[in-house]
Amino acid sequence: MDVETAIRSRRTHKQFGREPVDEAVVRDLLDLARFAPNHKLTQPWRFRLLGRETRRRIDDAVGTKEAMKLGRAPTLILATAQLSGDAHTDQEDLHATACAVYAVLLGATARGLASYWRTPAALEEPAVRDLLGLETNEQVVSLIHLGPVMSMPPVKERSSLDDVLRSLP
């Protein structure tokens, strides 16, 4: 699949098949993320592939409603940005990490996988941050949900290019 097709066909999936994504495929997707643009090659992204035990511990910490949402996808990858404390660099690094996450989503689409970008507030709870081993300078950017496609979400209306583009003289 070419890049333009992946961009135009990527959808937010909230239903997944039960089979986890093979770890080799996950590694290939995360390898794509390493090529996201980042100023001064700070490479701020950090990824954690959440295993069964970690997921169980998160479920216990976040409550039933959030645990049900987390249980939708058989594969979860936490994406964080490692921040320096410099406001301008931190902003750039958050954007770079977002680009890295998008690269993962596009790669998943190209491989026929379902994906979903979430940022659950529960991941900012101190107990959850602790069990994930997050450093104080790490900010959660995404909890990437991956798995087999169960159904194709409908195409949603997007703003036209003329609605979002302004040409300056």
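Two residues are said to be in contact when they have heavy atoms within 4.5 Å. Leaving out residues up to four places away in sequence, Thr97 touches Pro44, Trp45, Thr80, Ala81 and Val141. The structure is a predicted model, in which local features need pLDDT of at least 70 and side-chain atom pairs count only at pLDDT 80 or more, while totals for chains, interfaces and linings use all residues. Residues are numbered from 1 along each chain as its sequence is written, and side-chain values use heavy atoms, with hydrogens and water left out.

Thr97 is part of helix H5; here helices (H or I, at least four residues) and strands (E, at least two) are DSSP runs, numbered from the N terminus. Is Thr97 buried or exposed? Its relative accessibility is 0%, so Thr97 counts as buried. The scale behind that word calls a residue buried under 20% relative accessible area, exposed over 50%, and partly exposed in between (1.4 Å probe, protein chains only). Gln91 also has its place in helix H5, yet at 45% relative accessibility Gln91 counts as partly exposed.

The crossing of H2 and H5 is right-handed. A crossing is called right-handed if the near helix is turned clockwise from the far one by less than a right angle, and left-handed if anticlockwise. Which residues of H2 and H5 make the contact? On the H2 side they are Leu29, Leu30, Leu32 and Ala33, and on the H5 side Ala100, Ala103, Val104, Gly107 and Ala108. Sorted by type, the residues of this contact of H2 with H5 comprise eight nonpolar, one polar and no charged. In this sorting, Ala, Val, Leu, Ile, Met, Phe, Trp, Tyr, Cys and Pro count as nonpolar, Asp, Glu, Lys and Arg as charged, and the others, Gly among them, as polar.

Charged side chains come next. A salt bridge is a side-chain nitrogen of Lys or Arg within 4 Å of a carboxyl oxygen of Asp or Glu, and by this rule the count comes to seven salt bridges. One of them joins Glu4 and Arg8, whose closest N and O atoms are 3.1 Å apart. Why are Glu4 and Arg8 separated by about one helical turn? The two are four residues apart in helix H1 (residues 3-9), which means a separation of about one helical turn. Glu4 is partly exposed at 49% relative accessibility, whereas Arg8 is exposed at 61%.

Another salt bridge links Arg56 and Glu53, with 2.5 Å between the closest N and O atoms. Arg56 and Glu53 sit three residues apart in helix H3 (residues 52-62), so about one helical turn separates them. Both residues are partly exposed, Arg56 at 42% and Glu53 at 43%. Together with Asp60, Glu53 and Arg56 are linked in a network of salt bridges. The side chains of Asp31 and Arg34 form a salt bridge as well (2.5 Å, N to O).

Arg129, in helix H6 (residues 126-132), is buried, with a relative accessible area of 13%. Setting aside neighbours within four places in sequence, Arg129 is in contact with Leu123, Glu124, Leu134, Glu135, Thr136, Glu138 and Val140. The C-alpha atoms of Arg129 and Ile58 are separated by 9.6 Å, although the two residues are 71 residues apart along the chain.

Most residues other than glycine have a negative phi. Lys40, not a glycine, has a positive phi of about 60 degrees, and Leu41, also not a glycine, has a positive phi of about 50 degrees. Lys40 lies in the loop between H2 and strand S1 (45-49), and Leu41 has its place in the loop between H2 and S1. Lys40 is exposed at 71% relative accessible area, and Leu41 counts as exposed at 62%.
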